[in-house]
Amino acid sequence: MSQMSIAMLKAERGQVYLATPYSRYHAGIDKAAKMAAKAAAALMKMGVRVFSPIAHSHAISLVGEIDPKDWAFWKPQNEAAIDAASALAVIKVRGWDTSVGVAYEIKRFSDAGKQVVYIEPGEVGL
């Protein structure tokens, strides 16, 4: 991500939705949630107002005894956040380009005419 992309994300009026792979992440869902939280924290430290559905929902699924991979349950939760967000940041970690969820998020943001920014893992400390 260039400095221009960071400035663009920082200038967004609403929150930036963070897309990362989850259910088929090569290291498992616990590591996927930790990776998403680390990327979100790095972006927050850069001044980006970011929301990570993975970091948010993973903990809730554990505490609330909700199946973390139940797409029928999580889809409406995520759609509300997608609708509210002003841009999408996609972290290009292993599996991002084969993730059904990330592809869905990219399509939703693109169809809505919202900005989609691709970020290399090293740029957020991964």
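This is a predicted model: local features need pLDDT of at least 70, side-chain atom pairs count only at pLDDT 80 or more; totals for chains, interfaces and linings use all residues.
- Four strands make an open sheet in the order β2-β1-β3-β4, with parallel pairing. Helices (H or I, at least four residues) and strands (E, at least two) are DSSP runs, numbered from the N terminus; two strands pair if DSSP finds at least two bridges between them.
- The edges of the sheet are β2 and β4, each of which pairs on one side only.
- Strand β1 (residues 16-19) and strand β2 (residues 50-51) pair in the parallel sense over two bridges, and here Y17 stands opposite F51.
- Buried means under 20% relative accessible area, exposed means over 50%, and partly exposed is in between (1.4 Å probe, protein chains only).

**Aromatic pairs**

- The structure holds five aromatic pairs. Rings of Phe, Tyr and Trp (its six-membered ring) pair if their centres lie within 6.5 Å; planes under 30 degrees apart count as stacked, over 60 as edge-to-face and the rest as tilted.
- Y17 and F109 form a tilted pair, because their ring centres are 5.7 Å apart and their planes meet at 50°.
- This pair links distant parts of the chain, with Y17 in strand β1 and F109 in helix α5 (residues 100-111), 92 residues apart. Both Y17 and F109 are buried.
- W71 and Y104 form an edge-to-face pair, with 5.5 Å centre to centre and 85° between the planes. W71 sits in helix α4 (residues 71-84) and Y104 in helix α5, 33 residues apart.
- W71 counts as partly exposed at 41% relative accessibility, and Y104 counts as partly exposed at 22%.
- Ring pairs also link Y17, F51 and F109 into a cluster.

**Nonpolar cores**

- In soluble globular proteins, nonpolar side chains tend to be buried together.
- The largest nonpolar core here has 23 residues, and those with the most contacts inside it are L9, L18, L43, I91, I119 and V124. Such a core is a set of buried Ala, Val, Leu, Ile, Met, Phe, Trp, Tyr and Cys residues joined through side-chain atoms within 4.5 Å.
- Two or more residues of this core come from each of β1, α2, β3 and β4 (115-119). Helix α2 gives the most, with eight residues.
- A second, separate core has 10 residues, including I82, A85, L88 and F109.

**Helix α4 and N78**

- The 14 residues of α4 should span 20 Å at 1.5 Å a residue, and the end C-alpha atoms are 19 Å apart, which agrees. The expected span is 1.5 Å times one less than the number of residues.
- W74, N78, A81 and I82 are buried in α4.
- The buried residues of α4 pack against β1, β2, α3 (53-63) and α5, where contact means heavy atoms within 4.5 Å.
- N78 counts as buried because its relative accessibility is 11%. Leaving aside neighbours within four places in sequence, N78 is in contact with Y17, P53, S57 and W71.

**A residue to look at: E65**

- E65 lies in the loop between α3 and α4, and this residue is exposed, with a relative accessible area of 74%.
- Most residues other than glycine have a negative phi. E65 has a positive phi of about 55° although it is not a glycine.

Terms used
Residues are numbered from 1 along each chain as its sequence is written. Side-chain values use heavy atoms; hydrogens and water are left out.
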